[in-house]
Amino acid sequence: MNHPTPIEDAVLESLGTMRPGARGRIAHFEVSVDEGQDESLTDRLREVGFAENLEVEVLHQSPFGRDPIAVRVGKMTIALRRKEANIVKVHLV
Amino acid sequence: MSASTLVAVVGNPNCGKSALFNALTGLRQKVANYPGATVERRAGPLLGNDKLELIDLPGTYSLTPRSPDEAVTRDVILGQYEAEDRPKALLCVVDATNLEQHLRFIIELRGTGVPMVLALNMTDLAAREEIRIDADALSKRLGVPVVETVAVRRKGLEALQKTLDGVLAGARQSVVDFGISVKDHQRAARKIAADVTLSEGIGHKTTRMLDSVLLHSVIGPIILFSILFFMFQAVFAWAEAPMGWIEDGIALLQGAFEGILSDGLILSFLNDGILAGVGAVVVFLPQILILFAFILILESSGYMARAAFLMDRLMASVGLNGRAFIPLLSSFACAIPGIMAARTISDPKDRLTTILIAPLMTCSARLPVYAVIIAAFIPNTPVWGAIGLQGLVMFILYLAGIVFALIVAAVMKRTITKGEVQTFMLELPKYQPPHWRYVLVGLYERARIFMRRAGTMILSATIILWVLSSYPNPPAGATEPAITYSFVGIIGGWLEVIFSPIGFNWEISAALVPGMAAREVAVAALGTVYSLSGNEDMIAEGLVATLNNAWSLPTALSFLAWFVFAPQCLSTIAVAKRETGGWKWAIFMVGYLFVLAYLASFVTYRVSLALLG
Ligand SMILES: Nc1nc2c(ncn2[C@@H]2O[C@H](COP(=O)(O)OP(=O)(O)OP(=O)(O)O)[C@@H](O)[C@H]2O)c(=O)[nH]1
Ligand SMILES: [Mg+2]
């Protein structure tokens, strides 16, 4: 299929835009070239523990400016800034 | 270098490599519950087999280094580290409670062809979380021997050694093809982990519960602030009694010497030189140990990474990232490990900035300086409930260090260390009750270092100062105390010209010179100088009472301001040079700190003179 159906598209969200309590499953990674990000960032995210199909949940956000966020990924908790978190695309549940 | 066989300990950050290394070698590497505790390689012979040398390495997620500490690990594993041989085998460590994540790096390492043993560590935590792993199946799938261990309880060590010997003596391990990309390794790791995990476990509930409080957007920062505040109150309140005992002990010794020896050179050397000088510093051992106990407990509980998370936004506003908070908090203990810990920061410019501001964090060597002045000039009145004014002033001084560090960082990031906005990514480890063994070992190490400094650097500086303060002898018919005519008196007199605008008398000016070696030496030097000046208070009641009478309040405040900034520590300067790769930045650091110190003291002195009349 060439383009995803609107319904599928609607439930895909960037991790960096999610609020505490929001949960989902990692769909894929997509760096933003406009933001000056490159693929090595995806590798870094994978290295610290992000992977397709893992469950994620935003647990906390910084009291100051709501950034960074603390995310549960599989069995771990990882703190990262929203900008990098946006690379992770999530199927909400 | 040597004939011994090298074995490197490798794995993801915070999986217990250093704890295992310590258990196997009997050494005392730093063990702490946050990623990035180890930043350097450290080698040591195996207990009971000194032909075998273990190398503890910084934890890393892959062979592609993201920061200087990770580069060390890669270089050692690949045999590119200075003149060192390539390790004959790897002792890989994984956290049994997070197998699927930790296996990825092990799979990448399998590609290097170096034989390995896998330590499945933290099996105690795994058992508590009801995770069950089939170690034999794991061994088969990876093609390497697997041993279950609990590093902190020394469990599984014998089996580990035996297996290691077997691997070193034995057959080549077959290479298994797991692919090359990070994604391939990740997929293979998850597949293997899923297949060998018999029971998934229930997770770590305590961590979730604690985080919901400690990372709460309102309560979290309040708790962080309260912890730091409480720490400084405790440093004052709890140390009072033991400090009294040490002071009494020193006075007792001085009295004993006076009883045995006749008045003369030797008595003066012992009482005015060594006891007044070194004693003035040794008195602070209890305070330093209390401060360290707090830091060690924070480090081993897992809270450090949370503090980094809470502080990231603030750090970002000055261009740094939350990770820098960990080295900076360690700098409260001593700037040197703080500067070293900056190796975990990936961006070279962020790292440089962190190194340059680390000396602004109030290290424990400043504690004696602050404490003497505070004890002499600040009444210990309760301000509010149990909060004492002295502890409050101490807290403000620490805060001043932090605030100025942030300001300096902000200025640097906009000028000389300008760069892209960097990322912040940090695993938040599970909370663990502090391991008392490591806290006690850490305290013991600290006490040892402190006493060694007192016995070497401070002692020799004090002796030199005593000699220079006792010679040349005063001319006949001199009216002033003899020290006024000595070298120290003369040099102090010259320096006073420079320092009188900021309110320093000649005694202070003279004490600053030996105080260049290390900050607490300044206190020792003041002890000696005032003792030799024949100051009655000094002999009767020690340094605190002396200063109270000899200095005006503006002078005391100016002196405190000076020590918030002054880079008076040769070892810090040397480490800054090494870590920044040359003199350029080290000299810059010294320069900017002295300029700030002088300015701050000048303003403090003038303003308080104007206000206090
Ligand atoms: N319960 C339990 N805790 C452990 C075990 N091994 C290590 N720890 C704890 O795990 C934390 C990390 O241990 P370290 O030895 O510093 O870990 P490391 O792998 O050297 O960490 P880095 O140097 O940061 O890469 C510390 O708080 C240890 O007390 C274990 O087998 N069981
Ligand atoms: Mg370590």
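What volume does the second largest cavity have? The answer is about 100 Å³, and here a cavity is a set of points on a 1 Å grid over the protein atoms alone where a 1.4 Å probe fits but cannot get out.

Please keep in mind that this is a predicted model, where local features need pLDDT of at least 70 and side-chain atom pairs count only at pLDDT 80 or more, while totals for chains, interfaces and linings use all residues. Residues are numbered from 1 along each chain as its sequence is written, chains are lettered from A in the order in which they are written, and side-chain values use heavy atoms, with hydrogens and water left out.

The count is 4 cavities of 30 Å³ or more. A volume is the space filled by probe spheres set on the grid points, and lining residues have an atom within 4 Å of a point.

| Cavity | Volume | Lining by class |
|---|---|---|
| Largest | about 290 Å³ | 7 nonpolar, 7 polar and 7 charged residues |

Two or more lining residues come from each of α3 (99-110) and α7 (182-196) of chain B; helices are DSSP runs (H or I, at least four residues), numbered from the N terminus.

Definitions and conventions:
On a 1 Å grid over the protein atoms alone, a cavity is a set of points where a 1.4 Å probe fits but cannot get out, and a pocket is an open set with protein on both sides within 12 Å along at least five of seven lines; lining residues have an atom within 4 Å of a point. Ala, Val, Leu, Ile, Met, Phe, Trp, Tyr, Cys and Pro count as nonpolar, Asp, Glu, Lys and Arg as charged, and the others, Gly among them, as polar.
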